[in-house]
Amino acid sequence: MKQLSTLLLAILLFSCKSEKEEKEPLYQDTNSAIAEGTTSDLSPEAQLGQEVFDGKGNCYSCHKPDQKVVGPSIQEIANIYKTKKGNMVSFLKGNEDPIVDPEMFETMKTNLILTKTFTDEELKGLEAYFYSYTNQK
Ligand code: HEC
């Protein structure tokens with residue numbers, strides 16, 4: 001009996017999981033973020049960016065909102081891009097030279113292999129997400 005219920009539980013968990021994966025994970029998470037009231041002030045574009053930033057982009061491991069860790073903070077990058085009118089989408093496609101911290105570019109460069117696979121929509125989302133942190137709106 002115990003074995004049977006374990007089996008049923010396993011099947012149940014498995015079916016839930018595959019059901020979840022079939023849905024659009026991007027929008028699903030975005031909605032739950034709104035429900036929590038944390039990112040409701042972000043544009044839909046920036047919300048997509050945040051999804052990628054915290055999700056498959058793994059950007060958060062090196063970029064924090066307002067302090068330098070491995071990479072410059074989101075705020076610093078956003079402000080420099082705004083001031084210098086940088087093209088972040090093009091940079092993430094591997095078509096621009098770094099303008100924030102060129103000496104550390106080697107560390108960022110490896111991520112471009114990943115960001116080059118992102119859609120324009122995702123890259124523009126990332127840009128919008130960075131810009132949501134700028135203090136010169
Ligand atoms: C392994 C750590 C690491 C990860 C992961 C990482 N970055 Fe970076 N990033 C850096 C470092 C270090 C710099 C500073 C070097 C530079 O300016 O290119 C940087 C710089 C940048 C810049 C400024 C580039 C410039 O013009 O100088 C942008 C934009 C950026 N990262 C976006 C991202 C995005 C988007 C992701 C996720 C897809 C990401 N980074 C993931 C380390 C990382």
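Which residues do ring pairs link into a cluster?

Modeller: This is a predicted model, in which local features need pLDDT of at least 70 and side-chain atom pairs count only at pLDDT 80 or more, while totals for chains, interfaces and linings use all residues. Residues are numbered from 1 along each chain as its sequence is written, and side-chain values use heavy atoms, with hydrogens and water left out.

The cluster consists of F53, Y129, F130 and Y133, linked by ring pairs. Rings of Phe, Tyr and Trp (its six-membered ring) are paired if their centres lie within 6.5 Å; planes under 30 degrees apart count as stacked, over 60 as edge-to-face and the rest as tilted. A search of the whole structure gives 4 aromatic pairs. One of them joins F53 and F130 edge-to-face, with 5.7 Å centre to centre and 75° between the planes. F53 belongs to helix 3 (residues 44-54) and F130 to helix 7 (residues 120-131), so this pair ties together parts that are 77 residues apart in sequence. Helices here are DSSP runs of H or I with at least four residues, numbered from the N terminus.

Burial is judged by relative accessible area: buried means under 20%, exposed over 50%, and partly exposed in between, with a 1.4 Å probe and protein chains only. F53 is buried, because its relative accessibility is 1%. F130, with a relative accessible area of 7%, is buried as well.

Y129 and Y133 also form an edge-to-face pair, at 5.4 Å centre to centre and with 90° between the planes. Y129 is buried at a relative accessible area of 4%, whereas Y133 has 23% relative accessibility and therefore counts as partly exposed.

Another aromatic residue, Y131, has a charge over its ring: K82 lies over the face, at 4.6 Å from the ring centre. The criterion is that NZ of Lys or CZ of Arg is within 6 Å of the ring centre and within 35 degrees of the ring normal.

Turning to S90, this residue is part of helix 5 (residues 88-92). S90 counts as buried, at 11% relative accessibility. Leaving aside neighbours within four places in sequence, S90 is in contact (heavy atoms within 4.5 Å) with N95 and E96.

To return to the cluster, ring pairs connect F53, Y129, F130 and Y133, and the F53 and F130 pair bridges helix 3 and helix 7.

How values were computed
Helices (H or I, at least four residues) and strands (E, at least two) are DSSP runs, numbered from the N terminus.
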